[in-house]
Amino acid sequence: MKEIHFTEIDSTNLYLKKHYSELDDLDIVDALHQNAGKGRMSRVWEDSSGENLLFSLLIKDKNLFPEFGSLSLLAASSIMSTLKGLGLSGVSVKWPNDVMVNGKKICGILLESVSLGSEMQALIIGIGLNVNQNEFEDLPNATSIYLEAKTGYEINALRELVYTNVRNDILMLKMGDKSYLDRIRQANFLISKQIDFTHNGDSVTGFVRGIDDDNRLIVEVKNELLHLSTGEVTFHKG
């Protein structure tokens, strides 16, 4: 399992999209700065050079391709466990792909696939974890390990800890272990919250009741339970 390091790159996800055929399962590419990083729904991911952990992990094991819906939450669970291990409190996961600390976003995850024709070739998990950045211009809902723990962390040491945890959780998933879901459910940021979203073209308001065994968000709308997949729901701001 290789690790490829860059000082600056357009996007670690883009790098893996271009070079996946030359790399192996669970290889990782990281960068001190991305000048074209993005998050879910093509949102721009902003980072301060050298202060955060920005990386993408390649999955080529075809047995995991059907687990596409699991991997964002699994990665979020890995990051959450790492942060708790560092002593941070108030850590939770906001379905489907954000890690929160005391109500603020500390980590975003972007899952993408690579296909040739109709055949999937690889999955890519992109992760941006705010580490030592202490200012977030125009991002009032962002935080970092430094801001929460009141101390800085050496990026290289944290990198190896995170990589080990994420890879180990993926290896557990390969063996059929889905205990990450229990960890997510115990720290579900959205549980019991009222959310506004668009579903099948309609604006809907509902209350979050949980996450099912297929990683779908369970939302109660007018006494009916909806099970929402990431591709069929768009959250409104708030």
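1. Isoleucine 218 has histidine 227, in strand E11, as its bridge partner. Strands E10 (residues 217-221) and E11 (residues 224-228) run antiparallel and are joined by five bridges. Two strands count as paired if DSSP finds at least two bridges between them. Two residues lie between E10 and E11 in this hairpin, and lysine 222 takes a positive phi near 50°.

2. A word on the source. This is a predicted model, in which local features need pLDDT of at least 70 and side-chain atom pairs count only at pLDDT 80 or more, while totals for chains, interfaces and linings use all residues. Residues are numbered from 1 along each chain as its sequence is written, and side-chain values use heavy atoms, with hydrogens and water left out.

3. The chain has five helices and 12 strands. Both are DSSP runs, numbered from the N terminus: helices are H or I with at least four residues, strands are E with at least two. The radius of gyration of the chain is 17 Å, close to the 18 Å from the globule rule for 238 residues, so the chain is as compact as a globular protein of that length. That radius is taken over C-alpha atoms, and the rule is 2.2 Å times the number of residues to the power 0.38. The C-alpha trace spans about 50 × 45 × 30 Å along its principal axes.

4. Strand E6 (residues 104-116) pairs with strand E5 (residues 98-101) in the antiparallel sense, over four bridges. Here methionine 100 stands opposite lysine 105 of E6. Two residues separate E5 and E6 in their hairpin, where asparagine 102 has a positive phi near 50°.

5. E6 is also joined to strand E7 (residues 119-130), by 10 bridges, and these two run antiparallel. Leucine 110 has glycine 126 of E7 as its bridge partner. Again two residues lie between the strands, and glycine 117 takes a positive phi near 65°.

6. Now helix H2 (residues 68-85). Its 18 residues reach 27 Å from first C-alpha to last, close to the expected 26 Å. The expected span is 1.5 Å times one less than the number of residues. Is H2 mostly buried or exposed? 13 of its 18 residues are buried (under 20% relative accessible area, with a 1.4 Å probe and protein chains only; exposed is over 50%, partly exposed in between). Glycine 87 follows H2, with a positive phi near 100°.
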